[in-house]
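Subject: Structure handover

Hello,

Here is the structure for you to look at. My notes on it come after the model.

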Amino acid sequence: MSVVVTGTIGIDTVYTPRDRRDGILGGSAAYFAAAASFFVPVRLVAAVGGDWPKQHRDVLEGFKDLCLAGLDVRSAGRTFAWGGRYLDDINCRETLFTEVGVVAEAPPPVPASYTDSKFVFLGNTHPSVQRGFLQHFPQRVLAVADTMNLWIETARPDLERLLGEVDGLVLNDSEALLLTGHRNAVSAARRVLEMGPRFVIVKKGEHGAILVSSEGLASIPAWPADQAHVVDPTGAGDSFAGGLMGWLASRGEFNIQVLRQAMQWGTAVASMTIERFGLERLQEITREDLDLRMAHFRAISGANIN
Ligand code: AMP
């Protein structure tokens, strides 16, 4: 079973306290697609500009079963570009610039060969664009969305409509607070459930993540990363979502046990993403490496359930 994703493909500039990278491949859809491709075939729908480097395409083509037929190259436009700087506390990031480029234009077309997709992930973009994307997949069995403060503040009515149409929402604790007014992640997630989705996952950074669904609650810890091994946290959230959706699509069922496992897989992939800049770490690992990381994560979190 494949997963279809839409979101940004970005040209990122990343500063960390120890090092920096200019013009590397990033974007929510790139991280998501790379992470999910360890589990199932992935169909990508995104736009880039004429400035998109060939080396970035080569990186994506290096992932097994990552289909780029939905990559819309607009030669007259510019690729989404983002810059971020991490502070000495690597959990803190400031955005240096965001140049939306082709993302401000019409959404990329969905190839006809993708329209039978059953698992749909809506990466971070305007909720009306996310809703428009959903309509292309009448056979969908699971649609999950990501969102961010910008849309909660500027497009709340569209976001609320979207929440009535998706099965799941993934967001972080500050976004959950902004959306619901509840600082407590469980209370916030329960409030979001009332808006429509069947499950809500609230990511709490180094404090792990919680799931609230109509079936009950699940809570998983974060990967206890040694600060010395955290090279670049960019894309951790999108990698988490990729691992989560990849696992769900590979299993084809969504009870609370499978959702809990999916959160663990998401955590395992994200824990690897942050060990190098950009997608460098995901480029070099195999599914076997990921299986080992997952076994390690389960052992240290006392969660050896299958
Ligand atoms: P994360 O670290 O999971 O928040 O993801 C960071 C990635 O998201 C970077 O590679 C950026 O290119 C991309 N990004 C940053 N800002 C936005 C935005 N407003 N919309 C979509 N993607 C973004």
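Predicted model: local features only at pLDDT ≥ 70, side-chain atom pairs only at ≥ 80, totals over all residues.

The nine-strand sheet

The model has an open sheet of nine strands with mixed pairing. Read across, the strands come in the order S5-S4-S1-S8-S9-S10-S11-S12-S13. Strand S5 (66-74) and strand S13 (216-220) are the edges, and each of them pairs on one side only. Neighbouring strands in this sheet are turned against each other by 15 degrees on average, direction ignored.

Within that order, strand S1 (residues 3-6) is next to strand S4 (residues 42-49), and the two pair in the parallel sense over four bridges.

Helix H2 (residues 54-61) lies across S4 and S5, and its direction is at about 160 degrees to S5. Helix H9 (residues 256-273) lies across strand S11 (199-203), strand S12 (209-213) and S13, running at about 20 degrees to S13.

Strand S2 (residues 10-15) has two pairings to note. With strand S3 (residues 20-26), S2 pairs in the antiparallel sense over five bridges. A hairpin of four residues joins S2 to S3, and Asp12 stands opposite Ile24 in S3. With strand S6 (residues 80-86), S2 pairs in the parallel sense over six bridges. Here Ile11 stands opposite Ala81 in S6.

How far is S2 enclosed by the rest of the structure? Largely, because five of its six residues are buried, with buried meaning under 20% relative accessible area.

The second largest pocket

The second largest pocket has a volume of about 220 Å³. Of the 14 residues that line this pocket, Ser37, Phe38, Phe63, Lys64 and Arg287 are the closest to its centre. The lining as a whole divides into seven nonpolar, four polar and three charged residues.

Regards

Key
Residues numbered from 1 in each chain as written. Heavy atoms only, no water. Pairing = 2+ DSSP bridges. Axes fitted to C-alpha atoms, helices over the stretch in contact; angles between N-to-C directions. Contact = heavy atoms within 4.5 Å. 1 Å grid on protein atoms, 1.4 Å probe; cavity = no way out; pocket = protein on both sides within 12 Å on 5 of 7 lines; lining within 4 Å. Points joined across faces, edges and corners; volume = space filled by probe spheres on them. Nonpolar A, V, L, I, M, F, W, Y, C, P; charged D, E, K, R; others polar. Buried < 20%, exposed > 50% of the residue type's maximum accessible area, 1.4 Å probe, protein only.
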